Amino acid sequence: MTRIKLAATATVSTLSLALAGCMGGGNIPSASAPITQSEAQMGAEAHPQLLAEFGGAMSGSHAQYVQQVGQNIAVQSGLGNARESFTVSLLNSPVNNAFAIPGGYVYTTRQLVALMNNEAELAAVLGHEVGHVAARHSQRRQAAAQRNTLLGAAGAILSGVLLGNSGLGQQLGQAALQGSQLLTLKFSRSQELEADELGIRYLNSAGYDPRAMGTVLQSLALQNALDARVQGRDNASIPEWASTHPDPASRVQSALSKAQATGVSGGITNRDTFLTRIDGLTYGDDPAQGVVEGRQFIHPELRLAFTAPQGFYMVNGTRAVSVNGQSGQAQFSLAPYNGNLESYVASVFGGVSEQQQIRPQSIQRTTVNGLAAAYGTARVNSGNGQVDVTVFAYEFANDRAYHFVAITPAGNASVFNAMFGSMRRIDSQTAANVIPRVIDVVTVRSGDTVNSLASRMAYSDNQVDRFRVLNGLTSSEGVSAGQKVKLVVRGR
C-alpha cells in the first residue's frame, strides 16, 4: 500500500487483461498479423495505469533479464516485428501474477518470477501471455461486451454485497483474490487452454523444455495450497493468480500431456543461469508499500501499524490492505482529507456504493492511541440478508487521514473493534527495523539437507514447506551437493 496510489482509482473499460497459463484445441494460428496502430495505442494508454496498480515497473538487472527472455519468446509468435513491438515489464508486486494487454504489453510480478526454477518456466509464463496477445483474446472477449475495471476502492469491492449480486461469503473470498490488485476480465477456458498450447509451441520452437509450462503451473498450484494453509483458509480455491484462470492444479496434467505430444524430450532449461540472474530479488512485501508480518501490518514510510483480529489474514495491495476472515472483511485505505473527520467518514460512506446511498445513524468521535478518530455504522439490506458497514477513520495530520471500511453480517460489527483500537503511530526505530525479504541463491554443500537449509528461511512457521514449494521439490525429494537452491532471507 503506497501513499500516492491509495487516493485514486482507475478504470480501463476498453481492455481485457489476462494472467499466465495456456493449452487446448481448436484452430491455433501459427503466425499472426502484426500489432496494429490502434492496438498499440490502446496498450500505451493503459500501460501507466497498470504499472501504478501493481507497484510500478522494476529496473536494473532483474528487469533486464525478464525483458530479454520475454522478447526472445515473443519472436516465436510469428507476430511481425515482435522483438521491437513487445514491452515486457517486471512489476514490483508481492502477488503471483502475470497478464497481457493488446499492443504487445506483457507483465509478470517479481513474486511469480521468484517462484520459478529455471529460464524455461519464465519463458513459459511470458509465452502464455504472448499467446493471448497473438490470438487477440482480449479483443474477442471485449466483443462480448464485457468490461474490465481496475478495482481498489472499497466501494467497488463491497457493492456486490450491498446490491445483492452475490452472497457475503463469496465476497469475502473475492477479497482474498483482489487485495486491491487488478480484477481482470475472465478469459474463456478454451482461450486459456489455447494460450497454454501456444506457449508450449513457443517454448518448443525456441529450444526450451516444453514441459516447463506444466512444472511452473505445478509450483503455482502448490504455492496456492501453501498460502491457504498458512492463512488458515480451508481450501486453496481462491488463489491470487488464478482469479481469471482455470485453477492451475487442473491444468498441470493437460500441460504436461501437450508437452509430451510435441515429441521433444528435454530441451533448454538454463536453471543455473536463471537462479544466478534472480539472486537478490525482493520477495514478499516491499517496505515502501508496507509489510504484512503475521497479523500485523506495518508501514515504515507512513509511520503506522495495526493488528488484524485473530483468525483473519491480510493481503497487501498498492492502494489498500484487505483483511479477510469468515466473519467479516475490511479494507484499510485513504481518501482526500480536508481536516474534518466527520465529513471524511461521511464521504467514505458515500463512496461505498454507486447504486444506493448509505448513511450511518450517527458519526462518533473518539481517540485511539493518541490519534483523533471518528466512526459510524450503517445497516444495509443485501440480497442475502442485512449487513453492517462500518467506517473507522483516523487523523494523522491536518491534511492526512486513513480509514477502514468493514462489512460484517448484521450485529457482528464488533469483530473488528480490536483492530480499530490497534491503529498506532510507529517511531523511527521501529520503521528502520522493517527489513525486506530477498531471494538468496546458495549452493548446497556436503551435509546440507532440506531441513537444515529450510531453517535459514526468514520465517517463523512452515519453513520446510516454504522451502520445498519455492524450489519445486516434492515431499520426498532431497538436495545434493553442488545444486543451487533458493532461500528467502532478510535483505542485507
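1. Gln296 has Thr307 as its bridge partner in strand 7 of this predicted model. The pairing behind this bridge joins strand 6 and strand 7 (residues 304-307), which run antiparallel and share four bridges. Four residues separate the two strands in their hairpin, and Arg303 there has a positive phi near 60°.

2. Strand 6 also pairs with strand 5. Strand 5 covers residues 291-293 and strand 6 covers residues 296-299; their pairing is antiparallel, with three bridges. Val292 has its bridge partner in strand 6, namely Phe297. The hairpin of strand 5 and strand 6 has two residues between the strands, and Gly294 takes a positive phi near 65°.

3. A separate point concerns the open sheet of three strands, ordered 4-16-17 with antiparallel pairing. Strand 4 (282-283) and strand 17 (484-490) are the edge strands; each has a single partner strand, so one side of each lacks a neighbour in the sheet.

4. Within this sheet, strand 16 (residues 437-443) pairs with strand 17 in the antiparallel sense, over seven bridges. Val438 lies opposite Val489 of strand 17.

5. Helix 17, residues 463-470, lies across strand 4, strand 16 and strand 17. The direction of helix 17 is at about 130° to strand 17.

6. Helix 1 spans residues 37-53, which is 17 residues. From first C-alpha to last it reaches 25 Å, close to the 24 Å expected at 1.5 Å a residue. After helix 1 comes Gly55, with a positive phi near 80°.

7. Which residues of helix 1 are buried? They are Glu39, Gly43, Ala46, His47, Leu50, Leu51 and Glu53. An α-helix has 3.6 residues a turn, so residues three or four places apart point the same way.

8. For the protein as a whole, the count is 17 helices and 17 strands. Of its 492 residues, 58% are buried. Among contacts with a separation of 6 or more, 72% are between residues 24 or more positions apart.

Methods:
Residues are numbered from 1 along each chain as its sequence is written. This is a predicted model: local features need pLDDT of at least 70, side-chain atom pairs count only at pLDDT 80 or more; totals for chains, interfaces and linings use all residues. Side-chain values use heavy atoms; hydrogens and water are left out. Two strands pair if DSSP finds at least two bridges between them. Contact means heavy atoms within 4.5 Å. Axes are lines fitted to C-alpha atoms, for helices over the stretch in contact, and angles run from 0 to 180 degrees between N-to-C directions. The expected span of a helix is 1.5 Å times one less than its number of residues. Buried means under 20% relative accessible area, exposed over 50%, partly exposed in between (1.4 Å probe, protein chains only).
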